[in-house]
Amino acid sequence: MVEIRPSKAEELEAQKGLSKAAFGDDEAYIELFYSTCARPEDVLILSEDGVLCSMLALMPLELSLPNGETLTSAYVYALATDPNARKQGYGRALL
């Protein structure tokens, strides 16, 4: 079964592994990203039968409109799909 949901803190190591597999990032960059930018609730994951297949970070931001109003939004960052799970529409499903 395919499931899309916000990640949990205990899934961090699997996310780091996926980031390394998808982007080739080094350990230092991955640690910096997760320690300064990505809270667990800001990362959406797609898993199939409990296995992490794809993820994306939604960095929270606030938009200021010309009339003074503000809106909350998110910046889509770091959409990653396991190389062995590509071409199945997982990234599209997360977006």
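Trainee: Which side chain meets glutamate 31 in a salt bridge?
Mentor: The partner of glutamate 31 is lysine 16, at 2.6 Å from N to O. A salt bridge here is a side-chain nitrogen of Lys or Arg within 4 Å of a carboxyl oxygen of Asp or Glu. This is a predicted model, where local features need pLDDT of at least 70 and side-chain atom pairs count only at pLDDT 80 or more, while totals for chains, interfaces and linings use all residues. Residues are numbered from 1 along each chain as its sequence is written, and side-chain values use heavy atoms, with hydrogens and water left out.

Trainee: What does the pair tie together?
Mentor: Glutamate 31 lies in helix H2 (residues 27-36) and lysine 16 in helix H1 (residues 12-23), so the bridge ties together parts that are 15 residues apart in sequence. Helices (H or I, at least four residues) and strands (E, at least two) are DSSP runs, numbered from the N terminus.

Trainee: Is lysine 16 buried or exposed?
Mentor: Lysine 16 is buried, with a relative accessible area of 10%, whereas glutamate 31 is partly exposed at 36%. Buried means under 20% relative accessible area, exposed over 50%, and partly exposed in between, with a 1.4 Å probe and protein chains only.

Trainee: How many salt bridges does a search of the whole structure find?
Mentor: The search finds seven. Among them, arginine 39 meets glutamate 41 at 3.5 Å, N to O, and arginine 39 also meets aspartate 42 at 2.8 Å, N to O. Arginine 39 is partly exposed at 43% relative accessibility, and glutamate 41 is partly exposed at 48%. Aspartate 42 counts as buried, at 9%.

Trainee: Which residues are linked in a network of salt bridges?
Mentor: Glu3, Arg5 and Glu11 are linked that way.

Trainee: Where does aspartate 25 lie, then?
Mentor: Aspartate 25 sits in the loop between H1 and H2. Its side chain makes a polar contact of 3.3 Å with that of serine 19. A polar contact is a pair of N or O atoms within 3.5 Å; within protein, one must be able to donate a hydrogen and the other to accept it, and residues adjacent in sequence count only if both atoms are side-chain atoms. Not counting residues up to four places away in sequence, aspartate 25 touches Ser19, Lys20 and Ile30, where contact means heavy atoms within 4.5 Å.

Trainee: Switching to aspartate 82: which residues is it in contact with?
Mentor: Leaving aside neighbours within four places in sequence, aspartate 82 is in contact with Leu18 and Cys53. Aspartate 82 lies in the loop between strand E4 (70-81) and helix H3 (90-94), and is partly exposed at 24% relative accessibility.

Trainee: And the overall layout: what order do the elements run in?
Mentor: From the N terminus, the order is β-α-α-β-β-β-α, which comes to three helices and four strands. The C-alpha trace spans about 45 × 30 × 20 Å along its principal axes.

Trainee: How many residues are in the protein chain, and what percentage of them is buried?
Mentor: The protein chain has 95 residues, and buried ones make up 33% of them.
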